[in-house]
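Student: Hi! I have a structure to look at, and I would like to learn how to read it. Could you go through it with me?

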Amino acid sequence: MRYPTNDLENFWLPFTANKDFKRDPRLVVEGKGLYYTSHEGHELIDAVSGLFCSPAGQSRPEIAEAVHEQMLELAYIPSFNHGHPAAFELARQISRITPGDLDYVFFANSGSEAVETALKIALLYHRATGEGQRMRLVGRERGYHGVNFAGFSVGGMVRNREMYGLGVPGVVHLRHTWLEENRFSKGQPENGVELADDLQRFCDLHGGDTIAACIVEPVAGSIGCYVPPKGYLERLREICDANGILLIFDEVITGFGRMGTAFAGQRFGVEPDIMTMAKALTNGAIPMGGVAVSDKVYKTITEAGPEKGIEFYHGYTYTAHPAACAAGIAALGIYEREGLFDKSAAMEDFFLDQVFSLQDVGVVTDIRGIGMLAAVDLAAQDGTPGARGAGAVKDLYKAGVFTKVTGDSILIAPPFVSEEKDIERMIGTIRDVISAY
Ligand SMILES: Cc1ncc(COP(=O)(O)O)c(C=O)c1O
């Protein structure tokens, strides 16, 4: 352990019950490959890739070395009016694996910042085409697009919104895609394509030419793996095209192989105009987010800008930070050399069979999954949503499996370097814990 932990008081943990945590803390002191080690010396198998961040496993030396070398050579340079080689190289490498012509990449430092950036690009694009009246944004109930103002406004998770005022104006929400009749669907559910028609209803109600963009997660991740019904994303794309609306896919979780393809857009055969990414972009090693935009979006905005003036008044002090770029290049190198996107695709059937084997556990009310992403819903405890999940966080940790719990759903997203025996261990441990409920 490199740093002593003398006092737990001063660190305010995010999305955490701080008082409860500080009474019974869970500190992780080491992460190597598929395993974390707790401060008490317990081993935890990582069933959620950190937080959907680390498909190549924890603490990869190749990434550490690349960052170390970059930090000694050029630790910082702003990207405002300057550049450095790693930024251009990472953008080039990303553009090789993005769907279609999403070939231009803007860098941010997190998924939340990527979302803010994407929404601003959408508004700017319409300004550039002379359609500045397009100001409305469409999100979706139960969607998660990070915690910043526009992100929580287009997002649809009540707890993330209810305390923070009005958010950005002019946002409307599609209905979420969880349907009772789709319970225990493996892969894309049969029912619910018509839920995409909500977008057409917004066009009919507000005027299609007042809507700038529709943002969705291709597979809603944080809420607990809501897989798009068959035909749903295609329908959204059609309605966007018919009404001049930009389609934004938030691929912060689904990007970089989670669906067995580089991005979910390729798996579902639907190309967005704008796409966000983060998390696995650096295998989680250094914070970084990005936005890939189509040729049309980039060129429309840059060509509409003044010849020598700035086209996009936006950016971060740490946009394309050299350490993050080095980590990104190293991570993409690992994904390619080890064929990790293909490995993810090859493991999908085994993984989903394992997860769906939990269907016979009494407390399980639904299971959903696609690619290397799944969620197991547990019945609420004493009618209080979230209480069972809060207990499960602790019980799973004590039993030696590291997962994410949202409400009463356990999220499972193994690293792609997992073998069958590792997945059996993850699911076996989860079974032991929830069978006792
Ligand atoms: C789809 C999606 N968008 C945005 C975010 C926000 O990312 P960050 O926590 O890096 O700001 C997340 C985080 O889980 C996410 O799942």
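Student: How many residues surround the ligand, and which are the closest?

Tutor: Keep in mind that this is a predicted model. In it, 14 residues surround the ligand, and the closest are Ser110, Gly111, Ser112, Gly146 and Val252.

Student: Which helix gives the most to the shell around the ligand?

Tutor: That is helix H5, residues 111-128, with three residues in the shell.

Student: How do the residues of the shell divide into nonpolar, polar and charged?

Tutor: Seven are polar, five are nonpolar and two are charged.

Student: Now the helices, please. How should I describe a packed pair?

Tutor: In general, two packed helices are described by the distance between their axes and the angle between those axes. Take helix H4 (residues 85-97) and helix H12 (residues 322-337): their axes come within 9 Å and cross at roughly 35 degrees. The crossing of H4 and H12 is left-handed.

Student: Which residues of H4 and H12 meet there?

Tutor: From H4, look for Ala86, Ala87, Glu89, Leu90 and Gln93; they meet Pro322, Cys325, Ala326, Gly328, Ile329 and Leu332 of H12. The residues of this contact between H4 and H12 divide into eight nonpolar, two polar and one charged.

Student: On to the strands. What is the order of the open sheet that holds S1?

Tutor: Its four strands follow the order S1-S2-S3-S13, and the pairing is mixed. Strand S1 (28-32) and strand S13 (401-402) stand at the edges with a single partner strand each, so one side of each has no neighbour in the sheet.

Student: How is S3 joined to S13?

Tutor: Strand S3 (residues 43-46) and S13 run parallel, and two bridges join them.

Student: How many bridges join S12 to S15?

Tutor: Four bridges join strand S12 (residues 373-378) to strand S15 (residues 409-412), and the two run antiparallel. Here valine 376 stands opposite isoleucine 410 in S15.

Note on methods: Residues are numbered from 1 along each chain as its sequence is written. This is a predicted model: local features need pLDDT of at least 70, side-chain atom pairs count only at pLDDT 80 or more; totals for chains, interfaces and linings use all residues. A residue is near a molecule or strand if its C-beta atom, placed from the backbone, lies within 6 Å of it. Ala, Val, Leu, Ile, Met, Phe, Trp, Tyr, Cys and Pro count as nonpolar, Asp, Glu, Lys and Arg as charged, and the others, Gly among them, as polar. Axes are lines fitted to C-alpha atoms, for helices over the stretch in contact, and angles run from 0 to 180 degrees between N-to-C directions. A crossing is left-handed if the near helix is turned anticlockwise from the far one by less than a right angle, and right-handed if clockwise. Two residues are in contact if their C-beta atoms, placed from the backbone, lie within 7 Å. Two strands pair if DSSP finds at least two bridges between them.
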